[in-house]
Amino acid sequence: MKSPVHRCRDVEHSRGQGGVGAGTNCLQAEQRIPISKDVITSSSASAMWFIRDACGIMCAVITWLLVFYAEFVVLFVMLLPSKNLTYSIVNGTLFNFLAFLALASHLRAMCTDPGAVPKGNATKEYIESLQLKPGQVVYKCPKCCSIKPDRAHHCSVCKRCIRKMDHHCPWVNNCVGENNQKYFVLFTMYIALISLHALVMVIFHFLNCFEDDWTKCSSFSPPATVILLILLCFEGLLFLIFTSVMFGTQVHSICTDETGIERLKGETGKWGKAPCREAMQMAFGGPLSLSWCSPFSGLSCKKSPPEHISIPQGEIIDEDVIEIPLE
């Protein structure tokens, strides 16, 4: 999951042709050059990550409010007025547990660095420090002035190049990339589960109220109860469909080792794709275990000293395609 490599291509020079312009017309199949993880990882990877985007922040707040609304209706309209204590305890515990995991996954997806490339490292000194082979080509992002790793794309909202960027999701106010795709998958899964659970409880509540007196089914008036349940039913159905589709799409992207933006741009087949099992283990951080379902895996209470990664300073180069000269 965290083994990025720089985008480098071998350049085959024909006789009588030279320079970057001629070389880039003769690019061979893409070749990956292993680079140390510390070289490519941003120095702020362990720091707090948050995108200051008004639209994304609003969507994230709306997401939490909708979950809290579902909590309110489930607890105070359906479960607490119920005469069946066992039914209320079991369903209340299950719904709150799933809602807690959904919000925790949302927070991790929003506040985790998705795989941002360090800004402004497209300098002559930095390229020389990579010790690339003669005849290879590196690419600079003209927007954030960084050397683009393989399979990285620039996000106009995050204003950074993101490794294995799938898409930018306003609902989590972040890009879905190499480092936080697991949390986004868990978020969609848990939202789909609590939506399905809420819909089932609404159906049972309607059936019970039709058989009994509506005034005894809830502490609210019958019209208010019906309106609250209909709104919850609409919310649950909408998010069940949306998150189920997103969950399936993300799992398919991981298994095929192909991000959504790569599929849209037709960039398939330019790298050695990992098998589905290996790709899932890289995305979820290890072999199949209960930690796959936990948004807290990887967290530690121990404070390790921050790693300061020195990026060679210098002037940003002007070219977007830089060829390592032949010796």
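The points below describe selected features of the structure shown above.

1. Basis of the note. This is a predicted model, in which local features need pLDDT of at least 70 and side-chain atom pairs count only at pLDDT 80 or more, while totals for chains, interfaces and linings use all residues. Residues are numbered from 1 along each chain as its sequence is written, and side-chain values use heavy atoms, with hydrogens and water left out.

2. Overall architecture. The protein chain contains 9 helices and 8 strands; helices (H or I, at least four residues) and strands (E, at least two) are DSSP runs, numbered from the N terminus. Of its 327 residues, 46% count as buried. Here buried means under 20% relative accessible area, exposed means over 50%, and partly exposed lies in between, with a 1.4 Å probe and protein chains only. Among contacts in the protein chain with a separation of 6 or more, 74% involve residues 24 or more positions apart, a contact being heavy atoms within 4.5 Å.

3. His106. This residue belongs to helix α4 (residues 85-111). His106 counts as buried because its relative accessibility is 0%. A polar atom of the His106 side chain lies 2.7 Å from the backbone oxygen of Trp171. A polar contact is a pair of N or O atoms within 3.5 Å; within protein, one must be able to donate a hydrogen and the other to accept it, and residues adjacent in sequence count only if both atoms are side-chain atoms. Leaving aside residues up to four places away in sequence, His106 touches Ala60, Thr63, Trp64, Trp171, Val172 and Phe187.

4. Asn173. The loop between β6 (167-169) and β7 (174-176) holds Asn173. Its phi is near 50°, a positive value in a residue other than glycine. Asn173 is buried, since its relative accessible area is 0%.

5. The β4-β5 hairpin. Strands β4 and β5 (residues 160-163) pair in the antiparallel sense over 4 bridges; two strands pair if DSSP finds at least two bridges between them. The two form a hairpin with 4 residues between them, and Lys159 in the turn has a positive phi of about 60°. Across the pair, Ala152 stands opposite Arg163, and His153 stands opposite Ile162. From β4 (residues 152-155), Ala152 and His154 point one way and His153 and Cys155 the other way, all of them buried. Strand β5 is likewise covered on both faces, with Arg160 and Ile162 buried on one side and Cys161 and Arg163 buried on the other.

6. Ser195. Helix α6 (residues 181-211) includes Ser195. With a relative accessible area of 7%, Ser195 is therefore buried. Its side chain reaches the backbone oxygen of Ile191 at 2.7 Å. Residues up to four places away in sequence not being counted, Ser195 touches Gly236, Phe239 and Leu240.

7. Ile230. This residue lies in helix α7 (residues 222-255) and is partly exposed, with a relative accessible area of 48%. Ile230 and Val202 are 28 residues apart in sequence, and their C-alpha atoms are 8.6 Å apart in space.

8. Cysteines. How many disulfides does a search of the whole structure find? The search finds 0, a disulfide being a pair of cysteine sulfur atoms within 2.5 Å. Cys233 counts as partly exposed because its relative accessibility is 31%. Cys255 is also partly exposed, at 23% relative accessible area.

9. Asp257. The loop between α7 and α8 (260-265) contains Asp257. Although Asp257 is not a glycine, it has a positive phi of about 55°. Is Asp257 buried or exposed? Asp257 is buried, because its relative accessible area is 6%.

10. Helix α9. In α9 (residues 276-284), the residues Ala279, Met280, Ala283 and Phe284 are buried. They lie on the same side of α9 because they cover an arc of only 115° around the axis, the arc being that of the directions from the helix axis to the C-beta atoms.
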